Amino acid sequence: AKAGINKRALARYGGEVYCFMSDEDVAKYLGVTVRTYKDKINGYSDFSNAQGEMLSRLLNQPQKNLFLT
């Protein structure tokens, strides 16, 4: 679930990214296949509004921090 985080920009501020959830875990949480989840994080298809809300809760972040609009 590190997708979408600009690791270089974060590193400029001394930050690092650690992921404790697998793609399989997040896909299962969203109710989609791993292939579908990977398509979404790679920009080949969009997350639904409900999936955006679910990710927001899962990651404890507002959607505006998760998605580029």
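The model is predicted.

**Nonpolar core**
- The largest nonpolar core has six residues: Val-26, Ala-27, Leu-30, Tyr-37, Phe-47 and Leu-55.
- Helix H2, residues 23-30, is the biggest contributor to this core, with three residues.
- In soluble globular proteins, nonpolar side chains tend to be buried together.

**Helix H2**
- Val-26, Ala-27 and Leu-30 are the buried residues of H2.
- Viewed down the axis of H2, these buried residues fall within an arc of 100 degrees, so they line one face of the helix.
- An α-helix has 3.6 residues a turn, so residues three or four places apart point the same way.
- The packing partners of the buried H2 residues are helix H3 (34-41) and helix H4 (49-59).

**Aromatic rings**
- There are two aromatic pairs in the structure.
- One of them joins Tyr-37 and Phe-47 in an edge-to-face arrangement. The ring centres are 6.5 Å apart, and the planes make an angle of 65 degrees.
- This pair links distant parts of the chain. Tyr-37 belongs to helix H3, while Phe-47 lies in the loop between H3 and H4, ten residues apart.
- Ring pairs join Tyr-37, Phe-47 and Phe-67 into a cluster.
- Tyr-37 has a relative accessibility of 4%, so it counts as buried, because the cut-off for buried is under 20%.
- Phe-47 has a relative accessible area of 19%, and it is buried too.
- Phe-47 also has a charge over its ring: the charged end of Lys-40 sits there, 5.7 Å from the ring centre.

**Ser-56**
- Ser-56 is part of helix H4.
- Is Ser-56 buried or exposed? At 16% relative accessibility, Ser-56 counts as buried.
- Leaving out residues up to four places away in sequence, Ser-56 touches Gln-61, Pro-62, Gln-63 and Leu-66.

Key
Residues are numbered from 1 along each chain as its sequence is written. This is a predicted model: local features need pLDDT of at least 70, side-chain atom pairs count only at pLDDT 80 or more; totals for chains, interfaces and linings use all residues. Side-chain values use heavy atoms; hydrogens and water are left out. A nonpolar core is a set of buried Ala, Val, Leu, Ile, Met, Phe, Trp, Tyr and Cys residues joined through side-chain atoms within 4.5 Å. Buried means under 20% relative accessible area, exposed over 50%, partly exposed in between (1.4 Å probe, protein chains only). Helices (H or I, at least four residues) and strands (E, at least two) are DSSP runs, numbered from the N terminus. The arc is that of the directions from the helix axis to the C-beta atoms. Contact means heavy atoms within 4.5 Å. Rings of Phe, Tyr and Trp (its six-membered ring) pair if their centres lie within 6.5 Å; planes under 30 degrees apart count as stacked, over 60 as edge-to-face and the rest as tilted. A charge sits over a ring if NZ of Lys or CZ of Arg is within 6 Å of the ring centre and within 35 degrees of the ring normal.
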